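This report goes through selected local features of one protein model and then its overall build. The sequence and structure come first.

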Amino acid sequence: YVISFFHFVGIDFINATKLYLSMTLYFSGVTMFFCTKEITGNKLAAFTASIFYLFNPYHLIDVHFRATLGESTIFLIAPLLFLVVTKYIKSGEYYWLIINSLVTGILVMAHPLLAICFCFLVAAYSLVISRKKNLRFILTIISLLIGGIMSSYVWVSFIIYAPFMYGSNLPNILTEKSFYNTSYLFYSPWKLGFLFQGPKGELAQIIGYTQLFVVGLLIILYLKNKIHSTLKISISFWLSIFFLALLLMLPISIVFWNYFKLFWMLIPFGRLSLILAFCTSMLAGYFAIIFSDTRTRKKIVFIVIILTIGYTISNWGHRRVIPEITDKELMNNVGKSTVTEGLTAGFLNNKWADPQNFWFADPPKNHLEIIEGKGLVKEIKRTSVKHTYIVNAQTNLIVRENTLYYPGWNMRANNKSISIYPGARGVIYSNLPQGKYSVELKYEDIPTYKFFKNLGVFTFLLLIAILPICLIAYKRNLRRLNSKP
């Protein structure tokens, strides 16, 4: 939506995408700063954590090499989730719960799978920091669930349409080969370990060298009882999450994932590295607190910060830019862009697809084609959800509308409903008897999906309506407290 807005005001799609990615990169450092400052109350810790977050290898890979819009947005929004939850647990003000639901909804819209991971993570975090404030913990969980309801139209589609998706034909897709290369988590094999992308686009999504140093150092200090008791619980929590996420990225965890195959897409691309990035950044903040007690020890913090920035310098941009590629070039080639993608994005196709001929390499000459019989077809209008034609069927026809079949598509000829079905390769087929027809193929959300869309809109509007009421009530209470002698 943001990229489309940039394009609406006159920026071409390529530069609009680059602008959006750059915004998520820079502002993620800002959100991480305020998040860590709220959690620790220490500005140096916040600065250190934000630098570790901004220059995390996986973060740079997402923005510069993979250009993943969803994950880059998660990097931006996730710290806001922890910031808002922390503020609510500390203050108990209800308006933070509403903001938390809105932030959760945006998080889910960005990337449902990773959003679920962060929701579990923030739930565990709120349990740790709420301590005896059980009601606040319960209300935090409820606010997360409300955010999930607000964004339900995003994630529920994977459940509703699962019986029709190609992925339903892949029951044993998760094997040990599905896991990310373990060695690449610790060391990159290119340019002495300082370049994270190989000559053929291979990626080494390393945890990070200074990141591993900080984790190792905190473990040593913890075992030697050199960490102040006030920091032990927090450091223990983030270390535990770090090692749990790391364990789930290793092939040894295949037993666990076989029970949760719905989430298998977290595995092949090392997406849990985003959790590792967040944990190591928070741990870097606590490292800064521990080593900020004297001027000499504080120098160590700044040296580590400089090294964290420095060793990533080869990854501060795309390895090669082709200035000749414009929006026009993209338009001409978009139909062929998935031909070499393989079967990794199975949810893009339906279950009737041909595995040996999965993608459509060449765009069809006509949108509505006659497969059997004689007749003439004239296209009148075409949008993403409505296709209209004039068909003169000189004989009985079998026609193919070159759109993938999914529930929600319906055909009418002369205002009478016509049966459609998935034909060869999952494309829409239909039978037309002899005659002249005004044919309309229209998509409308099936009732179940429409319900969740309406539920999401209603929840969003309700939250927006309640938020100012809670803010007004908070200000009144604040004035009342300040007016007391």
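## Histidine 7

Histidine 7 is partly exposed, because its relative accessible area is 32%; buried means under 20%, exposed over 50% and partly exposed in between, with a 1.4 Å probe and protein chains only. The residue belongs to helix H1, residues 2-8. Helices (H or I, at least four residues) and strands (E, at least two) are DSSP runs numbered from the N terminus.

Leaving aside residues up to four places away in sequence, histidine 7 touches Asp12, Phe13, Ala16 and Asp327, where contact means heavy atoms within 4.5 Å. Threonine 17 is 10 residues from histidine 7 in sequence, and the C-alpha atoms of the two are 9.2 Å apart.

## Basis of the model

The model is predicted: local features need pLDDT of at least 70, side-chain atom pairs count only at pLDDT 80 or more, and totals for chains, interfaces and linings use all residues. Residues are numbered from 1 along each chain as its sequence is written, and side-chain values use heavy atoms, with hydrogens and water left out.

## Asparagine 350

Asparagine 350 sits in the loop between helix H15 (327-333) and strand S1 (368-372). With a relative accessible area of 0%, asparagine 350 is buried.

The side chain of asparagine 350 reaches the backbone oxygen of glycine 426 at 2.9 Å. Gly426 is also among the residues that asparagine 350 touches, together with Phe164, Met165, Tyr166, Leu404, Tyr405, Tyr406 and Arg425, not counting residues up to four places away in sequence.

## Packing of H10 and H11

Helix H10 (residues 209-223) packs with helix H11 (residues 229-248) at an angle of about 130 degrees, and their axes are 11 Å apart. H10 is therefore oblique to H11: angles under 35 degrees count as roughly parallel, over 145 as roughly antiparallel, 65 to 115 as roughly perpendicular and the rest as oblique. Axes are lines fitted to C-alpha atoms, for helices over the stretch in contact, and angles run from 0 to 180 degrees between N-to-C directions.

On the H10 side, the contact is made by Leu212, Val215, Leu218, Ile219 and Tyr222; H11 contributes Lys232, Ile235, Ser236, Leu239, Phe242 and Phe243.

## Overall build

The protein chain has 16 helices and nine strands. Of its 485 residues, 45% are buried. Its C-alpha atoms fill a box of roughly 90 × 65 × 50 Å along the principal axes. Among contacts between residues at least 6 apart in sequence, 70% join residues at least 24 apart.

How values were computed:
A polar contact is a pair of N or O atoms within 3.5 Å; within protein, one must be able to donate a hydrogen and the other to accept it, and residues adjacent in sequence count only if both atoms are side-chain atoms.
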